[in-house]
Amino acid sequence: MRTSWHASAKKHDLLRHADVGVKVMVTDTPRHTPRALLALLLAYGAASLFHHVHNAEFLPQYPNMPAWLSPAQVYAAWFGITLVGAVGYLLVRRGYQLLGLFVIAGYAALGFDGLGHYGVAPLSVHTVTMNLTIWLEVATASLLLVAVASFLAKQIRQRDR
């Protein structure tokens, strides 16, 4: 049975005291994930893949990129970044809402790394496609980060009740 994020979060954040006085998080529906969160994770993941593929395939055309950087390293970076998001998603799905959301926030923050291209060369020397892939990744990462911040705020408010 699907419940709203609000109702599910309330259930997930029930804290009960064990006999020894230690707080234990009890989750009764660990596999519930807000659809908006999943949609934004997928959108950011796709935008990140688009940017990294373009970067890897056109690496020599990206201005002032380090000579030691290879396409394989760009793909490996995307895989590592995406792994962070997948771990966050799995944590949320397994009922570790707060921890998972913090990990997803970190994943979203990694989406701003593409702005580093402008640290080595100005926006004007990048092609339209280069700028599009960079800004699409940043925009989707921003949307994901805002959504995660909203979900985290709801989780924290409900824990304080």
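**Exercises on a predicted model**

In this predicted model, N64 is exposed, with a relative accessible area of 55%.

**Exercise 1.** Decide whether H52 is buried or exposed, and state which residues H52 touches.

*Solution.* Second, apply the cut-off: buried means under 20% relative accessible area. H52 has 10% relative accessibility and therefore counts as buried. Third, list the contacts: leaving aside residues up to four places away in sequence, H52 touches V74, W78, I81 and E137.

**Exercise 2.** State how many aromatic pairs there are, and classify each one.

*Solution.* The count comes to 2 aromatic pairs. Y44 and Y107 form one that is edge-to-face, at 4.6 Å centre to centre and with 65° between the planes. This pair links distant parts of the chain, since Y44 lies in helix α2 and Y107 in helix α4 (residues 97-110), 63 residues apart. Y44 is buried at 0% relative accessibility, and Y107 is buried at 3%.

Y118 and W135 form a stacked pair, with 6.0 Å centre to centre and 20° between the planes. Here Y118 in helix α5 (residues 117-120) is linked to W135 in helix α6 (residues 128-159), 17 residues apart. At 41% relative accessibility, W135 is partly exposed.

Terms used. Residues numbered from 1 in each chain as written. Predicted model: local features only at pLDDT ≥ 70, side-chain atom pairs only at ≥ 80, totals over all residues. Heavy atoms only, no water. Buried < 20%, exposed > 50% of the residue type's maximum accessible area, 1.4 Å probe, protein only. Contact = heavy atoms within 4.5 Å. Phe/Tyr/Trp six-rings, centres within 6.5 Å; stacked < 30°, edge-to-face > 60°. Helix = DSSP H or I, 4+ residues; strand = E, 2+ residues; numbered from the N terminus.
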